[in-house]
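Here are a few notes on the side-chain contacts, for you to check against the model.

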Amino acid sequence: MSDSLKNKRINITGIIFTIIVTTGFAWAIYQLLVLSGEKIELTVQVMRRNEIAAYRNLKSIAAVQEHYFRKDWDGDGKKSYAVFYVHLWRSVTPKGEPIRVNLIPRKLGFAMDISSPLDGYYFVDLRRRRIDLKTREEFDYEKEWGVAALPGIFRRTGVLTFIVDQSRDIYVIPRMHSEPEYPNDPVKSGWTKIASIKELKEFQETVPYPVK
């Protein structure tokens with residue numbers, strides 16, 4: 001079997017696994033929050049705490065991607081980063097058999113959809129790098145990866161969007177980022193590099209939060 005067919009098979013398996021996991025957990029969240037009618041008070045302080053938690057979770061994902069890379073978890077004979085970040089919790093073999101990885105906790109692995117956020121944020125796998133306005137390059141997961149953290153409800157659970165890639169540098173911008181791509185030069189694209197919680201808190205002070 002060619003490498004391209006193997007990769008396609010692995011990607012399809014990963015997609016199916018991700019959909020199953022997401023659907024089950026999203027339904028549980030829906031039952032808990034929506035049907036119960038519970039209202040959660042969201043303040044600027046809560047949004048800032050959510051943003052700090054999202055930053056920390058991205059740092060965790062970036063750190064363990066390196067551990068994931070060092071081991072051929074899916075047994076295909078190649079070392080690669082996790083194509084789906086949830087595979088840092090549970091990966092799959094080319095035959096679709098689940099593999100216990102446990103590099104991130106289950107609650108973070110499940111926070112991959114807008115209906116199942118963790119501390120007000122959900123996490124999205126980025127698929128390509130935006131070189132310029134016209135050029136996009138698909139990620140080669142033997143060399144690179146990317147993940148974004150987005151507020152579950154923009155301007156209610158948070159106003160900042162975060163991105164990170166294999167460099168482990170985290171960038172932030174005070175707006176939603178809907179495209180599944182990583183800018184080739186984040187700073188030139190308006191993103192700000194954040195190297196610590198202290199820098200994040202300082203950045204938060206420059207951001208206009210919605211006032212009730």
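1. R48 is partly exposed, at a relative accessible area of 22% (buried is under 20%, exposed over 50%, partly exposed in between; 1.4 Å probe, protein chains only). Its side chain meets that of E205 in a salt bridge, 3.4 Å from N to O (a Lys or Arg side-chain nitrogen within 4 Å of an Asp or Glu carboxyl oxygen). This pair links distant parts of the chain, 157 residues apart: R48 sits in helix α2 (residues 44–69), E205 in the segment after α4 (197–204). Helices (H or I, at least four residues) and strands (E, at least two) are DSSP runs, numbered from the N terminus. E205 counts as exposed, at 57% relative accessibility.

2. Before going on: this is a predicted model, where local features need pLDDT of at least 70 and side-chain atom pairs count only at pLDDT 80 or more, while totals for chains, interfaces and linings use all residues. Residues are numbered from 1 along each chain as its sequence is written, and side-chain values use heavy atoms, leaving out hydrogens and water.

3. The whole structure has 10 salt bridges. One of them joins E181 and R128 at 3.1 Å, N to O; E181 is in strand β9 (residues 181–183) and R128 in strand β4 (residues 128–130), 53 residues apart. Both E181 and R128 are buried.

4. D165 and R129 also form a salt bridge, at 3.5 Å, N to O. D165 lies in strand β7 (residues 161–165) and R129 in strand β4, so the pair ties together parts 36 residues apart in sequence. D165 and R129 are both buried.
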